[in-house]
Amino acid sequence: MTDPTELFAKDGTVLRHPDRPAPRYSMPRAIKNFRLLMKDKEDTSLVFKIYESLPSKAFMPRVEALALSEHGEYLRRTEPSLPEILDDHAALRRTPKGSLAHAYCDFMESEGLTAAGLVAEAESLGRPKYNDLVQWFGDRSRDTHDLFHVLTGYGRDALGEQCVLLFTYGQSPSQGHLLIGYAGSANIKMMVRGSKAPVIGAAQQAKRTGKGARRLIEQPIHELLKQPFETVRDALNIPEPTQYRECHRIWASEGIDPYNLLAGGSEAGDLVSA
């Protein structure tokens, strides 16, 4: 196997910078940080520590397969900064009505979010950055997170975030996503004990959907944004989130607010995602 520090893109960018620390797998460290996360769900740094404790052996091959391909070169050349594209709502709103761009703008504006805000949140953790293709791949994964919400139909409620994590696992397998997504879903199930909502079924469907869908990170985002929303979902093979919506329907009939699952009691923990 070729050393990733000796592989380069056409512009000279190295696949993996020699100063980038080698990943070290440690399930005990991941569990320790997960327990800390359960106590302080606003500490995003713990999420990254969990991911870093559970590196996937398939990660570098995935980065290499995309970043060093002709298609990867095209993506890096035409989309050097996804946040600049995604935060230009004036340009996005000039696409035809019903486009993915309009759906994305509607979601981000209603939630008070920006792509730049997600970048700032990640950079506030002070994690080192390296001029390599691993950085590009990781940044692109981060910058498409909110598009996952839009395309899958999973909201920013506690269950919706867990479903996005498990969809992400299906797209790019990582035990970190699996641990937080399923443990978070189990926590929700426990918090609304007695509810008939298929919480675990929604989580499992999200994982299957992510696995069966075309990888969003490999798609030309600027082109997808111009296309009709349903056309993009069909092309990426993303079906309706029926189990998730069934949870919301049942919770409504049971008087449960999905954004405050135990209103009137102790609040359900909304695990942060990255």
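Visitor: In this predicted model, how far apart are the mean positions of the positive and negative charges of the chain?
Guide: The chain carries 34 positive and 36 negative charges.

Visitor: Which radius of gyration would a compact globule of 274 residues have, and what does the chain have?
Guide: The rule for a compact globule with 274 residues gives a value near 19 Å. The C-alpha trace spans about 60 × 50 × 30 Å along its principal axes. The chain agrees with the globule rule, because its own radius of gyration is 19 Å.

Visitor: How many helices and how many strands does the chain have?
Guide: Strands number 0 here. The count of helices in the chain is 16.

Visitor: What share of the contacts joins residues at least 24 apart?
Guide: Start with contacts between residues at least 6 apart in sequence. Then keep those that join residues at least 24 apart. That share is 72%.

Visitor: Is serine 195 buried or exposed?
Guide: Serine 195 sits in the loop between α12 (175-191) and α13 (199-212). Its relative accessible area is 12%. The cut-off for buried is under 20%. Serine 195 therefore counts as buried.

Visitor: Which side chain makes a polar contact with the side chain of serine 195?
Guide: Look at what serine 195 touches beyond four places in sequence: Lys189, Ile250, Trp251, Glu254 and Ile256. The polar contact, side chain to side chain, is at 2.7 Å. The partner is glutamate 254.

Visitor: Is aspartate 143 buried or exposed?
Guide: Aspartate 143 lies in helix α9, residues 133-143. Its contacts, leaving aside neighbours within four places, are Leu82, Pro83, Leu86 and Val119. With a relative accessible area of 9%, aspartate 143 is buried.

Visitor: How far apart in space are aspartate 143 and proline 258?
Guide: Along the sequence, 115 residues separate aspartate 143 and proline 258. From C-alpha to C-alpha, the distance is 25 Å.

Visitor: What relative accessible area does glycine 170 have?
Guide: Glycine 170 belongs to helix α11, residues 158-171. Beyond four places in sequence, glycine 170 touches Lys207, Gly210 and Lys211. Glycine 170 counts as buried because its relative accessible area is 13%.

Visitor: What separates the C-alpha atoms of glycine 170 and glutamate 230?
Guide: Glycine 170 and glutamate 230 are 60 residues apart along the chain. Their C-alpha atoms are separated by 21 Å.

Visitor: Which relative accessibility does glutamate 111 have?
Guide: Glutamate 111 is placed in helix α7, residues 100-111. Threonine 209 is 98 residues from glutamate 111 in sequence and 24 Å away in space, C-alpha to C-alpha. Glutamate 111 counts as partly exposed, because its relative accessibility is 30%.

Visitor: What is phi of asparagine 237?
Guide: Asparagine 237 is in the loop between α15 (229-236) and α16 (242-253). At 46% relative accessible area, asparagine 237 is partly exposed. Its phi is positive, in a residue other than glycine. The value is near 65°.

Conventions. Residues numbered from 1 in each chain as written. Predicted model: local features only at pLDDT ≥ 70, side-chain atom pairs only at ≥ 80, totals over all residues. Heavy atoms only, no water. Helix = DSSP H or I, 4+ residues; strand = E, 2+ residues; numbered from the N terminus. Rg over C-alpha atoms; globule rule 2.2 N^0.38 Å. Contact = heavy atoms within 4.5 Å. Lys, Arg positive; Asp, Glu negative; His and termini not counted. Charge placed at Lys NZ, Arg CZ, Asp CG, Glu CD. Buried < 20%, exposed > 50% of the residue type's maximum accessible area, 1.4 Å probe, protein only. Polar contact = N/O pair within 3.5 Å; in protein donor to acceptor, adjacent residues only side chain to side chain.
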